[in-house]
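Here are my notes on this model, as a few numbered points. Have the coordinates open while you read.

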Amino acid sequence: MTALFFYLFSSVAVASAFMVIASRNPVHSVLYLILAFVNAAGLFLLLGAEFLAMILVVVYVGAVAVLFLFVVMMLDVDFAELRQGFLQYLPIGGLVALIFLVELVLVVSTWAISPEALQVSIVANPPAEALTNTEAIGRVLYTRYALFFQGAGLVLLVAMIGAIVLTLRDRPGVRRQNISVQNARDPKEAVSLQSVPSRQGLPESVS
């Protein structure tokens, strides 16, 4: 059954990954990407890495892929215009794809020829066998690598603040809220009572 589920998840993941780049509709590409993420999460479950499977579904499917879907559906992007320079960047893309292919071949050949070269030794405090994968990662992350974890959080905070500063624009002519001026207003200045004659309306100075 394990081999059956492995071939099922892997074949669907490869097919959906191919459809991500082959589909003409960008919405369909995002949906195929979500399908690829779900099948990859199933492969992680077969490997016993339930934490990675959960992160893949919650973070990538629940946030990143859905965000891509909403952006593609909300923005009126002219994809035909974007594809016009495809042949211009084809040599660079082919070179990058060739580099990735060489790296994958080296990794697979190293694993097949010398499996012991990829074994990573745990330096201190190996997790007990009774612990789950998620609990073991949490213990290592919040004890031995707590400082690096907080540093990564600070880097993400600085990146978020930088994105807000870069996208925040001061547009002239736009009314903005001034809290101090609103709090200092007197009720008599904020509200004025007018006696409007019948069928005459307000004078232009009041309106």
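**Notes on the predicted model**

1. Confidence first: the protein's mean pLDDT (the predictor's confidence in each residue, from 0 to 100) is 78, and 81% of the residues score at least 70. This is a predicted model, so local features need pLDDT of at least 70 and side-chain atom pairs count only at 80 or more, while totals for chains, interfaces and linings use all residues. Residues are numbered from 1 along each chain as its sequence is written, and side-chain values use heavy atoms, leaving out hydrogens and water.

2. Watch residues 120-124: pLDDT is under 50 there, and the model gives that stretch three contacts (heavy atoms within 4.5 Å) beyond four places in sequence. Where pLDDT is low, predicted coordinates should not be read in detail.

3. On secondary structure, there are nine helices and zero strands. Helices here are DSSP runs of H or I with at least four residues, and strands are E runs of at least two, numbered from the N terminus.

4. Of the 207 residues, 10% are buried, meaning under 20% relative accessible area with a 1.4 Å probe, protein chains only.

5. Beyond its neighbours within four places in sequence, Ala 65 contacts Val 30, Ile 34, Phe 37 and Tyr 60.

Methods. Buried means under 20% relative accessible area, exposed over 50%, partly exposed in between (1.4 Å probe, protein chains only).
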